[in-house]
Amino acid sequence: MAYLAFYRTFRPTSFDTVVRQEHIVRTLKNRIASGKIGHAYLFCGPRGTGKTTLAKIFARAINCENPVDGSPCGKCPTCKALSSGAGLDISEIDAASNNGVDEMRDLREKVQYPPVNGRYKVYIIDEVHMLTPSAFNAVLKTLEEPPAHAVFILATTEPQKIPATILSRCMRFDFKLIPQKDLEGLIKSVFDKTGKQYEEEAVSAIARAGAGSARDSLSIADMCASYSDGKLTYDDVNAVLGSADFFTIADIAQSILTEDASASLTGVENILATGKSVGVLVKDLLSFLNNCAIVKICKNAKQIVNLPAETFERIKSVASVCDGHKILRVTEILSKAENDMRYSLNGRITLETAILKSSLPQTDYNIDALIGKINSLEKRLADIKTVAVEKLAPSSAEKDVAQREKPVAQSHAVAATAAATPAVEVKPPKKARPLEEDNYSDSPFSKQAEPVQPAMWEAEGGLTGNPPTSLGEAEKRVVFAKFIKSLRTTHKNAVLFTLCMDLENFFEGEKLILTTESDAVFKGLNRPDNANFISGALAELGVNEHEVRLAKKGESEYEKAVKELKHNFEGIDVEIK
């Protein structure tokens, strides 16, 4: 007997062996059990999800003499005749090659003849969207009112191309992509039946490459089984799929994320020089970046990606070199490049341009690129401040010596002072303030670093730092900007940040006045929760009093300035010219 591919050899023959599609299987089994067999069904969905397979099972089941739980028994004469292909009661028509009006007229004439063995005569029309408009019109009336013994099953991957007049006459079932876990179980069962040894990671790689299609997954598994003589490994699957070496892809991705354009282009050139496809390289890079995002977000990332330990650790190390904004930006650039390659005469130039754009964010004015640059600068500034404070702070040995010498020095100082001026009361020396409590606000190496912009999934609310006891004029001028920046550092306060962006501000003594012309903004800021948060945020910046005022609509900037000037110089006759 000639060799049959895996997807043909292991095609399901009963409803119970179909992978997923439970919503369709259950409906069809219930209709068979109740005897409510419709005259027209439409099976639509992605390729390789079981449309034709379920159509054949359903066709045999409604003709079976002794169905078992809705599935054909496979033992009665009717089932044996239909399974062998000798039965005349099931007709499969390929609409891709029989799409003319003459073929449909011939079908309309043959449908009048009764079945030979079973109760129903079933017509399975595959790729029905390929029929011409005239062919659809020829079969329209027959599809609406066929003979009692006729059942039509239409299968298609593009239901949007089918006329509405046909859709309205069919019972529609939408097939879904098969989850990776179920595909892995299917592949393992096939390998177990054929005696093929395999690694778990290799099966996972095949299932991911199948992208939700059982037929694609089994076809790849068939190739991999032929490629490997012994145990099927993860590297064997990559070799069959034509993917580049994983660690080379990881090096290129890390170079892009760390903005090393030279290393990125060199890695790309080395891979393309080996004959790898540009499209496959882009796909591999996107897959790697997707895994980096999963590692960055999910706590159970190791179970989700299901890769070898060494491979997972490499992904984890690359994901740690940047924040989420940068991963998102690079992924979007490469996704656009993958789409542009379909219309490009030279895909290599398109890819290298995308690599350069990803590696040089300073040339990109996209908002994600700007956020990434701000994050990088803030992180570098925080590191510099931390190092400076560590250098200024005394070591533990110096602190111990100071603590031991302190009582002796204090006693000597008190004795000397008492001998010189006995009539003056000697007060104990003030307790030395620890170095970390000093205020270095005027120094470029302030201990309290500016808050670093967190990644979009790592943001944490709240402010840090010890507020000053009083504010000078210089501090008052920048306090509102610091307040707005504190709201920007967390996505939890996005609404409050938006409300405060256009506020006017000035000080009345030590009291910060915030003004707005919008009633909605005024009411929103005075809500108890928002007011409490604003008070706490301003208190940490040294502002203990604030007030939100509703300014008169139409008041110009000039009028506001005059009003503030008169308020600041109250009691003085100010003449405005």
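This is a predicted model: local features need pLDDT of at least 70, side-chain atom pairs count only at pLDDT 80 or more; totals for chains, interfaces and linings use all residues.

User: Is strand β3 enclosed or open, and why?

Analyst: β3 covers residues 121-126, and five of its six residues are buried, so the rest of the structure largely encloses it. Buried means under 20% relative accessible area, exposed over 50%, partly exposed in between (1.4 Å probe, protein chains only). Strands (E, at least two residues) and helices (H or I, at least four) are DSSP runs, numbered from the N terminus.

User: How many bridges link β2 and β3?

Analyst: Five, in the parallel sense, with β2 at residues 90-94. Strands pair if DSSP finds at least two bridges between them. I90 sits opposite V122 in β3. The chain gets from β2 to β3 through helix α5 (residues 101-110), in a right-handed β-α-β crossover. Right-handed means that, with the strands pointing away from the viewer, the path from the first strand over the helix to the second runs clockwise.

User: And which residue of β4 faces V122?

Analyst: V151. β3 and β4 (residues 150-156) run parallel, joined by six bridges. Helix α6 (residues 133-144) carries the chain from β3 to β4, and this β-α-β crossover is right-handed.

User: New topic. What is the phi of R20?

Analyst: About 55 degrees, positive although R20 is not a glycine. R20 lies in the loop between α1 (6-9) and α2 (22-34). R20 is partly exposed, at 33% relative accessibility.

User: Where is E259?

Analyst: In the loop between α12 (246-257) and α13 (261-273). Phi of E259 is positive, near 65 degrees, and E259 is not a glycine. E259 counts as partly exposed at 33% relative accessibility.

Note on methods: Residues are numbered from 1 along each chain as its sequence is written. Side-chain values use heavy atoms; hydrogens and water are left out.
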